[in-house]
Amino acid sequence: MKIVTQKKVATLSIFLSLLLILVILVSITMGSVKVPPLRSIRILFQSIFGLKGGGSETERAIILSLRLPRAILAGFVGAGLSVSGATFQALLRNPLADPYILGVSSGAAVGAILAILLGLGTFSFGLPLISFLGALLTVLVVFYFGRQDGKIHPNTLLLAGVIIGSFLSALIMFFISISQKEELRTIIFWLMGDFSFSNTRAILIIFPYILLGFFLLYLRSRHLNLILSGEENAVQLGVDVERLKLVSYLSASLITAASVSVCGLIGFVGLIIPHAVRLIFGPDHRLLIPASALIGASFLIASDTFARTLLAPTELPVGVITAAFGGPFFLYLLRRRKVIKTI
Amino acid sequence: MIEVNSISFRYHEDWVLQDVSFRAEKGEFVGVIGPNGSGKTTLLKILYRLLTPQKGEILFELVSMKRMERADIAKRVAVVAQETHLLFPFSVLETVLMGRSPYLGHLMFENEKDLEIAKKAMEWTKILPFSERPMDELSGGERKRVFIARALAQEPEVILLDEPTASLDIQHQIDFLDLILTLNRERGLTIIMASHDINIASEFCDRLILLQGGRIYKMGTAEEVITKENIETVYGCEVWIDQNPISGMPRISLLKKGGH
């Protein structure tokens, strides 16, 4: 019987976690400064177990303070964007939905650009914090306009998100047009999605929100299955739909806000990872949500590793890599209409 | 079992249902007929509290439906609605298992007992052979049987049917309705069915409710409700009514304008 059971979810999660660890290990061995792979891994394990020795001071700094935090951050963002994308696709019953569909990302962008223009871009907490606040403010405004008599109407919410997103895009264009040359490059890298802004402490800002959002959504994953066939369908099966929608929309938005604030607009991850996971494991959210999180994390760490190393020492924005992979993959999905019927 | 006490409902300005009262006893097969926009679907939606009437109340075994938890309603009232949207299709078994949702509460996964109940429901509706197939590969008739199985997995006391035969050919209409009738007769399930097909309602239902503009125009047995006078007044077209020669139930024939 091919159904999703607790055992199946647990087994697969363990397997995908091992894959994720493997991707992280490979990622920290690669970079513009050559540290031999085995020595990189030895440095990592020695530090985990609190041992000294192995590798020079510089090598240790590169592995432990640069590459590892960056991989972990990319992992959180990849997981967050994938889970948020899967949720929006279910709630809006739209296969083209992605984490940015409600305009949250544009709010984050306005915040980030303001921070850059005010010269806070180099200040450790400044950029992600202001960006995060911009995203949260946008969530509040979108939900204020997207709700009618205490109920969320998906189309109204979607319209509110798109309109507010467009308005914020106008602000972004305005800021770009008045910015100086050096700022411009930073802004454009941010808009394409880039981890080079991040530092270790960025992880501390975002991980509580991504974890919280993930657990709130995972607890509702069975009910997300039911709402996939329509809200009336979910009510017929005893779901308190308004509550489900409110918590799920807000959780997915919170995850998006936290993710975008540390690394800018990384495209395609939140769109294609859920589709790829459905293609392999089916549409059940009890499996889709954890599997999307783990595969999305691996995918973004791998993409960021490419972005760092492809033209080393020049770094590419990671968004360039995800789009380069994501575009063709999405076209492949379109060809295989089995997965996405309604496009 | 279900007691509807003078309910009125409106979406916006205009009342869609006005002062509707009736009772459905345990094991009864009630048909709701009436023209487009007479309030049939709205009435069904109120009966599982998708919509809440502004006036009046509904008692389910003497308990006001307003005071029941959603999951408790879903344990007692199952709905087989018109086609649902299949964006990312689940398998037949997964769809039937969803009927266990109201019993799971905060649990994430179905257990052996749930699986057993789902299998029995599938056996009963003869869909077990294709339990692994995705829903979008089934024919309309097969999909209907899946949704009956899902309704059965809810172990309900009442099944609400909204235009159940609308998209089916006559063979599948009869298959479907025989299945429902067996559930009604053998398991004592209460059935409330909204239908456009007056002949089907006449043949299968114990009692009919004829709606006109959100009010009950006539309620009673098929013989009492399906008369030339009632139908012509409510539907506004000429009809001929005689008896089905086999069952003896009222039978309606449509007439061309001026063609006789």
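Is Ala71(A) buried or exposed? Ala71(A) is buried, because 24 other C-beta atoms lie within 10 Å. By definition, a residue is buried if 20 or more other C-beta atoms lie within 10 Å of its own, exposed if 12 or fewer, and partly exposed in between, with C-beta atoms placed from the backbone.

The model is a predicted one, in which local features need pLDDT of at least 70 and side-chain atom pairs count only at pLDDT 80 or more, while totals for chains, interfaces and linings use all residues. Residues are numbered from 1 along each chain as its sequence is written, and chains are lettered from A and ligands numbered from 1 in the order in which they are written. Here pLDDT is the predictor's confidence in each residue, from 0 to 100. For chain B its mean is 92, and 98% of the residues reach 70 or more. For the complex, the predictor gives an ipTM of 0.91 and a pTM of 0.91.

Ala71(A) belongs to helix 3 of chain A. Helices (H or I, at least four residues) and strands (E, at least two) are DSSP runs, numbered from the N terminus. Leaving aside residues up to four places away in sequence, Ala71(A) touches Ile24(A), Ser27(A), Ile28(A) and Ile301(A); two residues are in contact if their C-beta atoms, placed from the backbone, lie within 7 Å. Between the C-alpha atoms of Ala71(A) and Ser221(A), 150 residues apart along the chain, the separation is 27 Å.

The discussion now turns to the nonpolar core. In soluble globular proteins, nonpolar side chains tend to be buried together. A nonpolar core is a set of buried Ala, Val, Leu, Ile, Met, Phe, Trp, Tyr and Cys residues joined through C-beta atoms within 7 Å. The largest such core has 173 residues, of which Ala257(A), Val96(B), Leu160(B) and Ile192(B) touch the most other members. Helix 3 of chain A (residues 57-91) provides the largest share of this core, 15 residues. Apart from residues up to four places away in sequence, the contacts of Leu160(B) are Leu44(B), Leu47(B), Tyr48(B), Val77(B), Val79(B) and Ile192(B).

Where the chains meet, 27 residues of chain A and 26 residues of chain B take part in the contact. On the side of chain A that touches chain B, helix 9 (221-227) and helix 10 (231-236) each supply at least two residues. The largest share of that side, 4 residues, comes from helix 10 of chain A.

Chain B also contains an open sheet of 4 strands in the order 2-1-4-5, with antiparallel pairing. Two strands pair if DSSP finds at least two bridges between them. Strand 2 (15-24) and strand 5 (63-64) of chain B stand at the edges with a single partner strand each, so one side of each has no neighbour in the sheet. Strand 1 (residues 2-10) and strand 2 of chain B run antiparallel and are joined by 6 bridges. Within this pair, Ile7(B) stands opposite Val20(B), and Arg10(B) has Trp15(B) as its bridge partner.

Strand 11 (residues 239-243) is hardly covered, as the count of buried residues among its 5 residues is 0.
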